Structures are given as structure tokens and as C-alpha cells.
Amino acid sequence: MSYEMPTIILFGEGCLATLPDLLAPYRKIAFFHGRASYVPNAQRMDALLQGKDILHIADIAPEPEVRHLQECTEQLQSFAPECVLALGGGSVLDIAKGAAFCAMQSTSVEGLLSASGGHFADSLPVIAIPTTAGTGSEVTPFAVFWNHGEKKKYSFGYRELFPAHALVDPELTYSMPPIVTACTGMDAFTQACESYWNNNHNPTSDAYALEALSLMLSALPKAVEDGADASARHDVMLGSLRAGQAFSNTRTAACHSISYPMTLYFGVTHGQAVGVTLPEVLLLDAQAMPNRIPDFCEALGASSMGEAAEKIRDMMRASGLCTRLSELGIDRAGIDIIVEHGFTPERMSNNPYAFTAESLRTMLLHLL
Ligand SMILES: [Zn+2]
């Protein structure tokens, strides 16, 4: 087994204050942020960045498109920063990582997105500061881009995309609205489950995944209900970090694969889309790897897989998330679309239970 984590991780309330130390070697900095991530922190960030030559790359769209990645790459190539700083949710972190990588390669962005490997130049160093507790992008070598017009999704999965530093400060999530807390938290929870129930799992990823699950099961509904609950925010942020550390080395599996057409064709938010199939997928995965049931159930305080699945549904409902496809506007015809487009080979092949079109359809009909 092998486990790789080149990102230096700082975690804790108030750790944003250490940013000037991390930036000390650099003068020219490209600063990626979204409106929601920057506005509440603007004064503080300006103070922390005083004296630096800053290029703001702002107002990143959610689920960034390939053309946005191209634009940001060109901006980095003409500004030539020494370092890339990213403050925001998964979309901001992903595009900052993607552009920091693409800007240093001799191949075009399009060529890089269709490449399946190869030798690459080092990325610009990235300092990733998440303001949501969900994607884990601050500690993964992955970045996702979309072409909504062509209903396509692209992803990078190269070790050069690991950020140099992850600054994970739970205080930055205190202002996150309840629905964003629920959806991003559900993404993290699902990523932890998919890392545990994964053909690529190893003892290190297992330990991180199980810690994430037990932290988040009770803390997520509390953080949704009361955003000022510092203890719940702490546990959800730490759970999200642990989930990222887990799936950074295993990748995700069936729930993510099945979710992409839900997002592309039905506009379902990522965390909701991956979560809606999670309890059913887990029950099938447990049949494929029965020796892994006891540790999983213990992490969730359940005595059986059935009880574990019910606890997850309870957590979702308590967080305001949907547990049935019909609640998301998906009907029988929608299931046909999901079955047709839900098999992303590099995700499905990680799943312990080997889905066929027929078994996927049966499971989705059960979830209507
Ligand atoms: Zn995800």
C-alpha cells in the first residue's frame, strides 16, 4: 500500500492569521476568490496581503467551465505570479489549482484536459483556504471543470495539483448559509463513505474516512441548524478535511459517477446529487466487501448496515436534504438519462459492487 500527501496542512480556529508567514517568500501573488468568500473577509484579507503585488481573479462562477479555466490560465501566464492564493469553496479552489498547473505546461488547456497522464512541469505553488466544509479540494490532486452547453464534465487527477499548503480555519465557515452547509457537508460525508467502500482503500485512507464519518454524522445537522455552533462547525470542517485526506488517495466511486448526469441534466447541486444514492449504494457495497462492515458500523454507532443507512437518511433529512429522486424532480424518464450517462469508468471501477445498467436502474427505481 502507499499513501501520498505532499500538502502541508494547518488546521484550527484562527489559523488564517498565519497567512503572512506562508506568503513571506513571495511578492507577486494571484489571488482567486468568489464574491461569497471574499466580501465577509475583505478587510482582513487586505490587511494580511498588505505590501504584496496582487492580481485579483474574482467572482469565480460555481461549477467553472473549461473556458473559465482557459481564461484564468492566460491571466496567470501574463501576470507571472510567484504563488497562487485561493480563498473559497470547491469551485474557486479547483480553478485556482487547475490554472496554476496549466499555466506552467507547454501543452494547451484542451490538450491537458484530454491527456490521460504524462510528465508535467511543477505547478505554481498554491495556498488553498477553504471557506466551505465539503469538497476537500485543499488536500486533493483533483479539479473538476464543466462544459454545460455540451453536457460534459472534465477532471484533472495529477499529483502536481496537490496544493503546497492548506490553511483550514473553521471560523471561515461560520457565515456559510444552511443549505450550502448541508450540501457541501453531504459531499464530504459521501466522499468519506466512497473512500472507505473503495477498491483502492488502504489503512491510512480508512482511518481518515472513518474519523470523518463519526465526526460529521451528528455535527452536520447541528451546523445546519445553528451556524454559530463553534463545536459543530469545528467537527464538520475537520470531517471535511479528513474526508479529503481519505479520498485524495482512493478517488470517489459510484455515488459520484451516478451524480454527474443529475447535475448536468437536472441541475441538482453536487452534494445533494451524490448523497441521494448513498444509503442504497452502501447496502450493495457491503454485500461485496462484508468483512468491512463492522468498522463502518462502529464509526456510525450502528449495529447493522440497515441501521447505518437509516442513520444517514436521518442525518440528511435533519439537514434539509432530499432522500428520494422524485423530490429532486427526477422521474422514470429521468432515470433512463441517469443510467445512460451515469457510468464514468474512472469512478465506477473504484466501486466494490460492480453496477450494471440493469442493477443501477433497479436501485434508482427503488429511490423514486
Ligand atoms: Zn464530491
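Colleague: What makes the crossing of α13 and α14 left-handed?
Modeller: A crossing is left-handed if the near helix is turned anticlockwise from the far one by less than a right angle, and right-handed if clockwise; the crossing of α13 and α14 is of the left-handed kind. This is a predicted model, in which local features need pLDDT of at least 70, side-chain atom pairs count only at pLDDT 80 or more, and totals for chains, interfaces and linings use all residues. Residues are numbered from 1 along each chain as its sequence is written.

Colleague: Why are α13 and α14 called oblique to each other?
Modeller: The axes of α13 (residues 293-300) and α14 (residues 305-318) cross at roughly 40° and come within 10 Å. Angles under 35 degrees count as roughly parallel, over 145 as roughly antiparallel, 65 to 115 as roughly perpendicular and the rest as oblique. The two helices are therefore oblique.

Colleague: Which residues of α13 and α14 meet?
Modeller: Ile-293, Phe-296, Cys-297 and Leu-300 in α13 meet Met-305, Ala-308 and Lys-311 in α14, contact being C-beta atoms, placed from the backbone, within 7 Å. The residues of this contact divide into six nonpolar, no polar and one charged.

Colleague: How do you know that β4 and β5 pair?
Modeller: Pairing takes at least two bridges found by DSSP, and five bridges join β4 (residues 83-88) to β5 (residues 126-130). Val-84 stands opposite Val-126 in β5.

Note on methods:
Axes fitted to C-alpha atoms, helices over the stretch in contact; angles between N-to-C directions. Helix = DSSP H or I, 4+ residues; strand = E, 2+ residues; numbered from the N terminus. Contact = placed C-beta atoms within 7 Å. Nonpolar A, V, L, I, M, F, W, Y, C, P; charged D, E, K, R; others polar.
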